[in-house]
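Please have a look at it first.

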Amino acid sequence: DAAINRIAAGEVVERPASAVKELVENAIDAGATRIGIDIADGGKTLIRVSDDGCGIAADDLPLALSRHATSKIDGSDLLNIHTFGFRGEALPSLAAVGRLTITSRVPGADAASLKVSGGRMGQVTPAALGIGTAVELRELFFATPARLKFMRSDRAEAQAVTDVVKRLAMAEPSTGFVLRDVSGGGEGRIVFRADPEPGDLFGAMHRRLDRVIGQDFADNALRIDTVRDGIRLFGYAALPTYSRGAAVAQYLFVNGRPVRDKMLFGALRAAYSDVLPRDRHPVAALFIDCDPTLVDVNVHPAKSEVRFRDPGIARGLIVSALRHALAEHGH
Ligand code: ADP
Ligand code: MG
């Protein structure tokens, strides 16, 4: 029922940035090597995510747009931890809050397209596209004026979209990303671009840091790579001299997923507490990998909080590894 769909959708899609997150995660799950994100008016009037991933067969398009249909649960009904999606909620939720068109092509077949507007699904029609998928979402929240009011300025929403894209780009160095603002029509303006980084993990990560955080960071970062109690912490943390006036450039990932978690941000702050004044914020890109049973990364579908079975272990690992690395460099 359309009303129930809209209520559920509000949980997943709060603003353009959350729609972009779901669509880019789907593209990553599809094995894309290049992902294009176009937005107009902060994503309020248009979001378009195109990928060169595996595509969706024409016959499966209606299924992809149906609630709780996912191709990402394995035979034992367990979440495939190597993919982002698992609830099968994103596409139907997006279709409930905007006008959605999905166009896709799998190898050896013609492209096909399917539109959903106001909760009504159209017919699958022939289309033109290279192998991969393009999802277009127009007029976000047109049917829910109450939500429209809560959106911020185009500029603020575009900033939030950029942040989401950068976090996912940091998580996936081997994938290329181009974020364009097409508000004025035409080719638009490139807001963020990162080409696929080949090579070993740390090399690729380090070059991707250049794109995401900036050249100075890569030059001023300490390499972290340590394991304790079954948890691996790796990535880069900047020297105190490269701190910021706001906590903006802190990129944290748990099992490959970008997270914004108070406990982890707190641990990062604590690690630098002896070497940074309270009004300065460390810059870091840190990955925590552990057995998926030790952490719940799906506390809330849209918010990126995590719940460790033993939060003390993760916190202690971050604080001690960073303090140790800083001390080795004379801080
Ligand atoms: P989930 O990601 O949780 O499975 P979604 O609603 O986001 O749920 O997507 C539903 C299904 O549609 C996916 O399981 C996948 O099979 C298919 N799909 C969505 N986006 C893409 C894409 N960009 N490329 C290929 N398949 C996709
Ligand atoms: Mg998904």
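Two strands are taken to pair if DSSP finds at least two bridges between them, and strands (E, at least two residues) and helices (H or I, at least four) are DSSP runs numbered from the N terminus. What we have is a predicted model, in which local features need pLDDT of at least 70, side-chain atom pairs count only at pLDDT 80 or more, and totals for chains, interfaces and linings use all residues. Residues are numbered from 1 along each chain as its sequence is written, and chains are lettered from A and ligands numbered from 1 in the order in which they are written.

Let me start with β7. Strand β2, residues 46-51, runs antiparallel to β7 and is joined to it by six bridges, with valine 49 opposite valine 135. Strand β3, residues 99-105, also pairs with β7 in the antiparallel sense, over seven bridges, and there arginine 105 has glycine 132 as its bridge partner.

A residue counts as buried with 20 or more other C-beta atoms within 10 Å of its own, exposed with 12 or fewer, and partly exposed in between, the C-beta atoms being placed from the backbone. Five of the seven residues of β7, residues 132-138, are buried, so this strand is largely enclosed by the rest of the structure. In helix α4, residues 90-97, eight of eight residues are buried.

Now the loops. Glutamate 139, between β7 and α5, has a positive phi of about 50°, and aspartate 229, between β10 and β11, has a phi near 50°. Most residues other than glycine have a negative phi. Glutamate 139 is partly exposed, with 14 other C-beta atoms within 10 Å, whereas aspartate 229 is exposed, with 11.
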